[in-house]
Amino acid sequence: MKPLSIIKLVLLLGLVSVPALAESAVVEDIRMWHAPERSRFVFDIDKEPDYRVYTLKSPDRLVVDLERSVLGRPMPPPDQLGPYVGKMRSGNPKPDTLRVVFEISKPIRYELQLLRPFDRYQYRLVIDFYDEDHVEQPAPPLKSSAVPGQQRERTGDILVVIDAGHGGEDPGAVGKHSYEKTIVLSVAKKLKKMIDGEPGLRAELTRTSDYYISLRRRIIMARNMNADLFISVHADGHHNTRAQGASVYALSQRGATSETARWLADKENSADLAGGVSISDKDDLLAEVLLDLSMTKTVSESISFGREVLDELKKIGKIHSKRVEQAGFAVLKSPDIPSILVETAYITNPSEEKLLGTKSHQSKLATAVTNGIKRYLRKNQGIYAYQY
C-alpha cells in the first residue's frame with residue numbers, strides 16, 4: 001500500500017487528527033509599537049496558527065495559547081512593552097501548546113485579529129491594547145467652507161496637518177539602507193518646525209514616532225483637529241531602480257465619488273455641512289448634490305494647492321511628473337480639507353535614497369513645501385484670511 005493510502009486509512013479510522021500530522025508552527029518574531037492611544041503586538045508565525053485567547057484575574061492577565069506551536073525567539077524585555085503590559089512570559093502547559101502570558105499593568109480593553117500572508121509578511125496574530133475607557137472618535141461635521149461660495153469662519157492661525165506615511169509594522173517602500181516610514185517622519189518633523197516658525201501658520205503631526213495609524217483614522221484626526229490643509233508625506237518605490245523624482249497627488253474623481261457614497265451611507269451620523277445646512281434631514285438626491293459640490297470644490301482646491309507645492313519642489317531637484325497627478329489615495333478623501341500627497345523622491349533609487357537620508361535635503365524639502373503652502377494661501381486670501 002502506498003504511504004498516502006496508509007495516512008488516509010489512519011485518518012478514516014480516527015486514530016489521529018490532521019493537525020497532529022502537521023509540523024509545529026514557529027513564532028519567528030514578536031514585534032511591538034506604542035502609539036498615544038494604543039500598543040500593538042504582532043506575532044509573526046510561519047504557518048496558520050490554531051489559537052485561543054482569554055483573560056484571567058488577580059492579577060490581570062491576557063493569555064494566548066497556540067496549539068502545535070513553538071517559540072523561536074526570547075520574550076521582549078519589560079522596558080520595551082509599553083504602558084499596558086508589565087511583563088511577558090511563555091510556557092508549555094501541554095507538550096504541544098505554546099502559552100504566552102501578558103501581565104497587564106492597567107485596566108485595558110483589547111482587540112485581536114489574524115492576518116493572512118501578504119507581500120513580505122507571513123501569518124500575523126495582532127493584538128491591540130487600549131485604555132479601558134478608550135472610544136474611537138467619530139468623524140466630525142463638515143466645515144462651513146465645504147459649500148461653494150462660503151468662506152471659512154476661523155480664528156487664530158491656519159492649521160496644516162502633516163501626515164508621515166506608513167509607520168510601525170508598515171515600513172512603506174524599502175530602499176537598500178532605509179525604510180520609507182523612517183525617512184518621511186524625519187521630513188514631517190522638519191516641516192512642522194518650519195511651518196510653526198511662520199507667522200499665521202501652525203502645524204500638527206498625525207504620528208510622532210514609529211507606530212501605525214489606519215488610513216481612515218488619519219483623515220479623522222485631521223478633521224478633529226479642524227485642519228485647514230492636509231499634507232501626506234511619502235517616498236516612492238519602484239522595481240526599476242532608475243525611477244526618480246518627486247511627485248504631488250490630489251484625489252481622483254473616482255476617489256471623490258466613492259467618498260461621497262461613504263458619507264451618504266452614513267448621513268444620519270454626518271452633521272452639518274455648513275451654516276445650518278445638514279445632510280441628515282435631506283432626501284438622498286439633495287444630500288448627494290450637496291456632498292458632490294463639497295467634494296468637487298475640495299478636489300479643485302487640492303489641485304491648486306498641489307501646483308504651488310510642485311512648483312517649489314522643481315527648484316530643489318528632479319520631478320517625476322510635471323503636473324499634479326490624481327489618484328484614489330485613501331488619506332486624500334476628506335470632503336472639506338484641501339489635501340495633497342507628496343512623494344519626496346524614490347527611495348529605491350540609490351542616489352535619491354542617499355539624498356533623502358541627509359538632513360540638508362530633508363530641510364530643502366521642508367522649505368519647498370512651506371513655500372508652496374504660503375504661495376497657495378496668498379492666492380486664496382479671501383478664503384483663508386491669510387496675510388504674510
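**View 1. P59 lies in the loop between strand 3 and strand 4.** Strands are DSSP runs of E with at least two residues, helices are runs of H or I with at least four residues, and both are numbered from the N terminus. S58 and P59 are joined by a cis peptide bond, with omega about 0°. Most peptide bonds are trans. The model is predicted: local features need pLDDT of at least 70, side-chain atom pairs count only at pLDDT 80 or more, and totals for chains, interfaces and linings use all residues. Residues are numbered from 1 along each chain as its sequence is written, and side-chain values use heavy atoms, without hydrogens and water.

**View 2. Four strands form an open sheet in the order 3-4-7-6, with antiparallel pairing.** The edges are strand 3 (50–56) and strand 6 (85–91), each of which pairs on one side only. Two strands count as paired if DSSP finds at least two bridges between them. Strand 3 pairs with strand 4 (residues 61–67) in the antiparallel sense over seven bridges. Y51 stands opposite L66 in strand 4.

**View 3. R68 sits in the loop between strand 4 and strand 5 (69–71).** Its phi is positive, about 50°, although R68 is not a glycine. R68 has 22% relative accessibility and so counts as partly exposed; this class lies between buried, under 20% relative accessible area, and exposed, over 50% (1.4 Å probe, protein chains only).

**View 4. N226 is placed in the loop between helix 4 (215–224) and strand 12 (229–236).** N226, a residue other than glycine, has a positive phi near 65°. The relative accessible area of N226 is 49%, so N226 is partly exposed.
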